[in-house]
Amino acid sequence: MKTKVVIIGAGPSGLLLGQLLHKKGIDNIILERVSPDYVLGRIRAGILEQGFAKLLREAGAGERMDEEGEIHGGVEIAINGERSRLDFKKLTNGKSVIVYGQTELTRDLMEARDRSNQISYYEASNVKPHNVVGERPYVSFEHQGQKHKIQCDYIAGCDGFHGVSRKTIPEECKTEYDRVYPGGWLGVLSETPPVNPELVYIRHERGFALCSMRSQTRSRYYIQVGEDEAVENWSDGKFWQELKRRLPDDLAAKLVTGPSIEKSIAPMRSFVVEPMQYGKLFLLGDAAHIVPPTGAKGLNTAAGDVYTLYSILDQVYNEGNEDIISRYSEICLRRVWAGERFSWWMSNLLHKFEGVSDFEEKVHSSELEYYLATELGQKIIAEQYVGLAYDEIE
Ligand code: APR
Ligand code: PHB
C-alpha cells in the first residue's frame, strides 16, 4: 500500500487531521488500535474554542455542532462561596466558547470520514513507524491476522499519551517535561439539568469542584479527590453529598441529583515533549503534550497542532514549499506552552493540594481575588479561556 500521510490514532487529533488533509486533496490512511465503539466510549471535556469550531467546519463535520452545541458567553469562578462571572463577550471583543461533547464531535468526524473515500483500519495491532529519518518512511501493522506495510511521505503520530509514535524518537533526541499533581478529578455524568446555565469553577477549602454540562438536560460535575482514590469508593450518594458541600449555598440549594451514567477519575498531569518532530514523523495532541483538565485546554491545544501540520502539508503538496516542514515543532510549541502555562496556573490556584502550606493557600486565594476584582485581571483569564489565536503559517 502507498499513501501520502499515515495517521496513527483515530482520536480527535487523527480524525480531524485526516479530514482536513482530505479536503486539500492529500490522501491519508488512519491506523487505530481499538474499535470505533471503544474510541466513542471515552468521556472527556467538551469546551470548544472558536478556532477548533472553525477547523471542524472546514473538515466538513461541523453541522451538528452548529445545531446542537451551546454557545457560552461566560464562565463563573467561585472562591469560598463567592461567585464572579467572566463575561467573555465584553472582555474578549465578542468571543465565546461552544459546549459540545468530545464523544459527539468524534462521532461527527468518523461519519465525515465514512462519507469520504479515505481508508481507515480499526483494531490494527503492532503499528510501527520505520525509516522516519530516511528517504522512504513506511508503517507496518497487523489487521485481522494479516501483516501490512504502507509506504508514505510523512507520518502523523496522533496516538495519545501511551502511543507508539513518541517512543519511536530515540531518548537522546528528545526532552520530556513532566509534572504530576497530587490529586485527580472524580467526574459524574447524569441526566439532570445543570445547576447553572454556565460553567462554575469552584475553589473551596475541601478541594476543587466544577459544574459543567453537555446540554441543558445533561450535567457533568467534578470534584477533586486524593491521588490514590478509587472510583469504587464513591457511590452516587457520596459524590452528590461531597459536591453539595463545595458548592456556593445558592447553588447547593438548587442542585438536582440523579443516577450517574458515567463515573471515572481523571489524573492531573502536565507533560510536554520537545521537539514534536523527528525526521518525517510529527507528534500531535496527547502524543506530544498533556494538560490537567482545569481550563479544558487538552482538545483545544491538540487542535493547534492539527492546524499547524495541515497548513504546512498544504503548502508542501499544493505550493511546493518543502522548507517549511522543519518549522512544525517550533510553531506548535509556542502555543502548546501557552496552554500548559494557563492550565498549570488555573490548577494551582483552584485546587487544594497536599504539601501546599497554609501560607501558599492564602496567597493563591488572594491572587485569584485580585484577578477577579479588576477588568484587566478578568481579561487575562478570559482571553486565554476562549483561546489564543493560531500562528499564521508562512
Ligand atoms: N496504534 C494505533 N493507535 C493507537 C496506538 C497504537 N500503538 N496507541 C494509541 N492509539 C490510539 C488510541 O486508541 C486513541 O484512539 O490513538 C488514539 C489517541 O487519541 P486520544 O488519546 O484521544 O488523543 P488525541 O486525539 O491527541 O486527543 C486530543 O482531546 O480530550 C482530549 O485528552 C484528549 O487532550 C486530548 C485531545
Ligand atoms: C467538561 O465538561 O468535561 C469539562 C469542562 C471544563 C473543564 C474540564 C472538563 O475545564
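This is a predicted model: local features need pLDDT of at least 70, side-chain atom pairs count only at pLDDT 80 or more; totals for chains, interfaces and linings use all residues.

Visitor: At what angle do the axes of α11 and α13 cross?

Guide: Roughly 125°, and the axes come within 11 Å. Helix α11 covers residues 328–350 and helix α13 covers residues 375–386. With that angle, α11 and α13 are therefore oblique to each other.

Visitor: Which residues in α11 and α13 meet?

Guide: From α11 you have R341, F342, W345 and M346, and from α13 there are I381, Q384 and Y385. Sorted by class, the contact of α11 with α13 has 5 nonpolar, 1 polar and 1 charged residues.

Visitor: OK, and α12? How far apart are the axes of α12 and α13?

Guide: They are 5 Å apart, and the two helices pack at an angle of about 100°. That makes α12, which spans residues 358–373, roughly perpendicular to α13.

Visitor: Who meets whom between α12 and α13, and which residues are they?

Guide: On the α12 side, Y371, L372 and A373. On the α13 side, E375, G377, Q378, I380 and I381. By class, that contact has 5 nonpolar, 2 polar and 1 charged residues.

Visitor: Switching to the ligands. How many residues surround ligand 1?

Guide: There are 24, and the closest are S13, E32, R44, Q102 and D286.

Visitor: What do S13 and R44 do there, in terms of distances?

Guide: A polar side-chain atom of S13 sits 2.7 Å from an oxygen atom of ligand 1. For R44, an N or O atom in the side chain is 2.5 Å from an oxygen atom of ligand 1.

Visitor: Now ligand 2. Which residues are closest?

Guide: Y201, S212, R214, Y222 and P293, out of 13 residues that surround ligand 2.

Visitor: How far are the polar side-chain atoms of S212 and Y222 from an oxygen atom of ligand 2?

Guide: For S212 the distance is 2.6 Å, and for Y222 it is 2.5 Å.

Visitor: What about G295, side chain or backbone?

Guide: Backbone: an N or O atom there lies 3.1 Å from an oxygen atom of ligand 2.

Key. Residues are numbered from 1 along each chain as its sequence is written. Chains are lettered from A and ligands numbered from 1 in the order in which they are written. Side-chain values use heavy atoms; hydrogens and water are left out. Axes are lines fitted to C-alpha atoms, for helices over the stretch in contact, and angles run from 0 to 180 degrees between N-to-C directions. Helices (H or I, at least four residues) and strands (E, at least two) are DSSP runs, numbered from the N terminus. Angles under 35 degrees count as roughly parallel, over 145 as roughly antiparallel, 65 to 115 as roughly perpendicular and the rest as oblique. Contact means heavy atoms within 4.5 Å. Ala, Val, Leu, Ile, Met, Phe, Trp, Tyr, Cys and Pro count as nonpolar, Asp, Glu, Lys and Arg as charged, and the others, Gly among them, as polar. A residue is near a molecule or strand if one of its heavy atoms lies within 4 Å of it. A polar contact is a pair of N or O atoms within 3.5 Å; within protein, one must be able to donate a hydrogen and the other to accept it, and residues adjacent in sequence count only if both atoms are side-chain atoms.
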